[in-house]
Amino acid sequence: GIFASPGVVLSSVENSVGLSLLVWFFAGVLSLLGGLCFAELGAAIPTSGGDYVYLTRGLHPVFGFMYAWASFICMKTGSLSIIAI
């Protein structure tokens, strides 16, 4: 999490506090842009289904199908097992 990884970021940038804060800032901006993109997709395609619907309508139904199976097999099961512990 965010409270466990500052040491890793600091050691990755050769113990430069200013550079590590810059890395955190750009990561925050990137996360904000990703959230705003999903908000825009949610406003443009107001149906239930989330990522599956966005991939199916935006790219091709094959990509939505592959995402649904990958999510079912490995992506969601890992996070649910961590939550269950």
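Helices here are DSSP runs of type H or I with at least four residues, numbered from the N terminus. Phenylalanine 63 has its place in one such run, helix α4. The model is a predicted one.

**Overall form**

The chain has 4 helices and 0 strands. Read from the N terminus, its elements follow the order α-α-α-α. The radius of gyration is 18 Å, well over the 12 Å that the globule rule gives for 85 residues, so the chain is more spread out than a compact globule. Along the principal axes, the C-alpha trace spans about 45 × 35 × 20 Å.

Two further values describe the chain as a whole. Of its 85 residues, 11% count as buried. Among contacts with a separation of 6 or more, residues 24 or more positions apart account for 0%.

Phenylalanine 63 and serine 16 are 47 residues apart in sequence, and their C-alpha atoms are 41 Å apart. Threonine 56 and serine 5 are 51 residues apart along the chain, with 35 Å between their C-alpha atoms. For glycine 42 and valine 53, 11 residues apart along the chain, the C-alpha separation is 9.9 Å.

**The loop between α1 and α2**

Helix α1 covers residues 6-12 and helix α2 covers residues 17-44, and glutamate 14 is found in the loop between them. Asparagine 15 is found in the loop between α1 and α2 as well. Most residues other than glycine have a negative phi. Glutamate 14 has a positive phi, near 60 degrees. Asparagine 15 also has a positive phi, near 60 degrees. Glutamate 14 counts as exposed because its relative accessibility is 72%, and the cut-off for exposed is over 50%. Asparagine 15 is exposed too, with a relative accessible area of 58%.

**The packing of α3 on α4**

How do helices α3 and α4 pack, by angle and by distance between axes? Helix α3 (residues 51-58) and helix α4 (residues 61-84) pack at an angle of about 155 degrees, with their axes 6 Å apart. That makes α3 roughly antiparallel to α4, because angles over 145 degrees count as roughly antiparallel. The crossing of the two helices, α3 and α4, is right-handed.

From α3, the contact is made by Asp51, Tyr52, Leu55 and Thr56; from α4, by Pro61, Phe63, Gly64, Phe65, Tyr67 and Ala68. By class, the residues of this contact of α3 with α4 divide into 7 nonpolar, 2 polar and 1 charged.

Threonine 56 has its place in helix α3. With its neighbours within four places in sequence left aside, threonine 56 is in contact with Pro61 and Gly64. Threonine 56 is also listed with Val53 and Tyr54 as the buried residues of α3. These buried residues of α3 pack against α2 and α4.

**Accessibility of selected residues**

| Residue | Relative accessibility | Class |
|---|---|---|
| Glutamate 14 | 72% | exposed |
| Asparagine 15 | 58% | exposed |
| Glycine 42 | 28% | partly exposed |
| Phenylalanine 63 | 41% | partly exposed |
| Serine 71 | 9% | buried |

Glycine 42 lies in helix α2. At 28% relative accessibility, glycine 42 counts as partly exposed, since that class runs between the 20% and 50% cut-offs. Phenylalanine 63, one of the α4 residues in the contact with α3, is partly exposed, with a relative accessible area of 41%.

Is serine 71 buried or exposed? Serine 71 lies in helix α4. Its relative accessible area is 9%, and because buried means under 20%, serine 71 is buried. Leaving aside neighbours within four places in sequence, serine 71 is in contact with Lys76 and Thr77.

Terms used. Residues numbered from 1 in each chain as written. Predicted model: local features only at pLDDT ≥ 70, side-chain atom pairs only at ≥ 80, totals over all residues. Heavy atoms only, no water. Axes fitted to C-alpha atoms, helices over the stretch in contact; angles between N-to-C directions. Parallel < 35°, antiparallel > 145°, perpendicular 65-115°, else oblique. Left-handed = near helix turned anticlockwise from the far one by under 90°. Contact = heavy atoms within 4.5 Å. Nonpolar A, V, L, I, M, F, W, Y, C, P; charged D, E, K, R; others polar. Rg over C-alpha atoms; globule rule 2.2 N^0.38 Å. Buried < 20%, exposed > 50% of the residue type's maximum accessible area, 1.4 Å probe, protein only.
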